[in-house]
Protein chains: 2
Amino acid sequence: MDFKFELLKKDRSSNARLGRFYTRHGVVNTPVFMPVGTVATVKAMTPHEVKDLGAEIILGNTYHLMLRPGHKIIRELGGLHKFMAWGGSILTDSGGFQVFSLGDLRKITEDGVYFQSHIDGAKHTLTPESAIEIQEALGSDIMMILDECTPYPATFDYAKSSMERTLRWGKRCREHQLRQEGTVSELRAEGRRFGTVPGSEGGQALFGIVQGSMFKELREVSARETVNIGFDGYALGGLSVGESKEEMHEMIEVSAPHLPEERPRYLMGVGLPEDLIEGVRRGIDMFDCVIPTRNARNGMLFTSSGAIQIKHSRYISDPSPIDPECGCYTCRNFSRAYLRHLYMAKEILSSRLNTIHNLYYYLNLMKGVRAALEEERFERFYKEFYSDRIAAEIHED
Amino acid sequence: MDFKFELLKKDRSSNARLGRFYTRHGVVNTPVFMPVGTVATVKAMTPHEVKDLGAEIILGNTYHLMLRPGHKIIRELGGLHKFMAWGGSILTDSGGFQVFSLGDLRKITEDGVYFQSHIDGAKHTLTPESAIEIQEALGSDIMMILDECTPYPATFDYAKSSMERTLRWGKRCREHQLRQEGTVSELRAEGRRFGTVPGSEGGQALFGIVQGSMFKELREVSARETVNIGFDGYALGGLSVGESKEEMHEMIEVSAPHLPEERPRYLMGVGLPEDLIEGVRRGIDMFDCVIPTRNARNGMLFTSSGAIQIKHSRYISDPSPIDPECGCYTCRNFSRAYLRHLYMAKEILSSRLNTIHNLYYYLNLMKGVRAALEEERFERFYKEFYSDRIAAEIHED
């Protein structure tokens, strides 16, 4: 089936929205947090554990997968879903973000980006067209256009020309996708299956990306023109790159009004729990970030009263769970003392149990957001989210 | 309840035995393989996964636990079972094996061993008495005496004096345990609970250890004298230390006849699948080894037709599971291509899925051994075990 978004409810006191979208791999309830599965695994987790935690969609990184094991191998093995045994939906980025961060190892032209692999130095090219073809080979449910995540800070002139190139690249991506789908339709009309994975039979959504650094007028132009090209959803890129929270919030606020209500909105690479709450409040439907998984491996654990560092010596013989109010596997079975011990001993189980807890926290937070929107009490939910933390700070020794 | 072993059946064509023993944490069917959980975790696994794989008993390393997090902290938190959320049985070694392997960092006297921690260089002492007290604090179901795992090769004289010291230390261990239990009984008679963990209320079994390097006469003396002291079970130590398979088998064969039938026999630190089969055939009931877990993390996977190295480039796009005949979670869900990819990308999930497979293989092998003994067809099982491998070698390209 084709991609479809349904807007179910709008909050009265903010721009928050309750919705859901459908992909060929099921329904995704929004606002949603997407765990990051960079190289075909959400780090430290089995796909079944990720599903059991309530995730309906995860993110895969095109840059990493095209280099290792290679998108052709993944296509040969039946696509990314089958390769990693994940039955839910998958969004893939275009690979641009990682390529642009390679520094000296990459060169940008109007055609695309030339770069060397960080793994073996091999030369590769990423163009708007190849970014689509690679994501088709991976067979993701939602593809992203090739964009330039404008570095921060940027001058107005650089941000403008970078944003305009993203617009041109976005148009090329959309056109190439339509050509590819045309080819699929023709082959199908001839009674032939095209390729071996669902992805190459069409039905993959494509999202545009709004850029413009921290310049309001550029964000507005980018949003309007991206919508003019026409995508299945719209992302805000180039945020959470070092700017202040106020700047990020303002950029969301100036972009959102130009995005159509009937399409999902995705804030890329964001963020901390409070960033998700603030994003929802400003009309964002989708988020992804490595924070819950990466910080878990570094011993930083999220709780309703703030984050804790499990390595702290105060936990050495602490028999209580990370968060007494948490219902995750880790909190139901293990003490802070045990988790500290595993962390100090650099045990794999440390990364596992911490990741389970943090992902549960993020996914449960978004579940709470959706319930609050459904029951029309988001404003109260929003206030309680902060008051829990303030109360905790007052009681902190 | 106190430790109890039941001998259920004896094989007609070999010395193999079917049995079971009871600890305060349940029944353990023998012959049994015990996964190694060095620092209160079977590496890469949750305790619930270890249980689901069919493990009834695991091993904990006293040396590692006394240093980190410390046996006193574990006692304070309710003992090792509760600390690591493992509901099955636990056998702890005495710590001697690791201390003796510290080289320059340790000094042996008749009293015990003085050593420095490999973690922070702090000075520690391990005596027969403290080895018991530490294992009581951990609350394991089966404790081991402090012994010297005689280095290989050893001269007759060294092996003899080392074996004799192990006998003296074993006696001190047993006597100290009985004194401790006496104290417990007295306290109990006064209506007081002793300590905070089940272990310190008595009911922990203590196993003696037969040494003697590769000298038949020393092994015989050691076995007889260890039995004279009287333990709940008997281990063969100082094997699988570099000697030939023939030497190992011979040492088992000369020791076993001197061990009482009504007590379990434990071959320490052994080994490969074929070593387990050969041990069972010679009357061994219990095994432990890091091979399935450690080799899993290094990409070596066991199958009924021999071991494979998952990193091999031949698996780069291989859609089949590790072992088509295996029923483990890994083989039911993932291809060799995916497992190779995870290994090459150094993903935590690689260690996890490989460990699940290898432990399943080991535990399932022992389950097969027990079924064969129960159904009185161990000789056929033994032959098939080898013929599967020979057939595979012939077909190997």
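## A hairpin to start with

In chain B, β1(B) and β2(B) make a hairpin, with six residues between the two strands. This is a predicted model, where local features need pLDDT of at least 70, side-chain atom pairs count only at pLDDT 80 or more, and totals for chains, interfaces and linings use all residues. Residues are numbered from 1 along each chain as its sequence is written, while chains are lettered from A and ligands numbered from 1 in the order in which they are written.

Two strands count as paired if DSSP finds at least two bridges between them. B:Lys10 has B:Arg17 in β2(B) as its bridge partner.

## Chain A as a whole

How many helices and strands does chain A have? There are 15 helices and 16 strands. Both are DSSP runs numbered from the N terminus: helices are H or I with at least four residues, strands are E with at least two.

Chain A has a radius of gyration of 21 Å, which agrees with the value near 21 Å for a compact globule of 397 residues. That radius is taken over C-alpha atoms, and the globule rule is 2.2 Å times the number of residues to the power 0.38. The C-alpha trace spans about 65 × 45 × 45 Å along its principal axes. Of the 397 residues in chain A, 53% count as buried. Buried means 20 or more other C-beta atoms within 10 Å of the residue's own, exposed means 12 or fewer, and partly exposed is in between, with C-beta atoms placed from the backbone.

## Sheets and another hairpin

Chain A has an open sheet of three strands in the order β7-β8-β9, with antiparallel pairing. Its edge strands are β7 (106-108) and β9 (123-126), each pairing on one side only. Strand β8 (residues 113-116) of chain A pairs with β9(A) over four bridges, and A:Tyr114 stands opposite A:Thr125 in β9(A).

Over in chain B, four bridges join β8 (residues 113-116) to β9 (residues 123-126), and these strands run antiparallel. Here B:Tyr114 has B:Thr125 as its bridge partner. β8(B) and β9(B) form a hairpin with six residues between them, and B:Gly121 in the turn has a positive phi of about 75°.

## Two helices in chain B

Which residues of helix α9 (residues 245-255) of chain B are buried? They are B:Met248, B:Met251, B:Ile252 and B:Ser255. Seen down the axis of α9(B), they fall within an arc of 100°, so they line one face of the helix. The arc is that of the directions from the helix axis to the C-beta atoms. An α-helix has 3.6 residues a turn, so residues three or four places apart point the same way. The cover over these buried residues includes β11 (205-210), α8 (216-229) and α10 (273-281) of chain B.

Now for B:Glu186, found in helix α7 (residues 156-189) of chain B. Is B:Glu186 buried or exposed? B:Glu186 is exposed, with 11 other C-beta atoms within 10 Å. Its C-alpha atom is separated by 40 Å from that of B:Glu49, 137 residues apart along the chain.

## Where the chains touch

Note on methods:
Contact = placed C-beta atoms within 7 Å.
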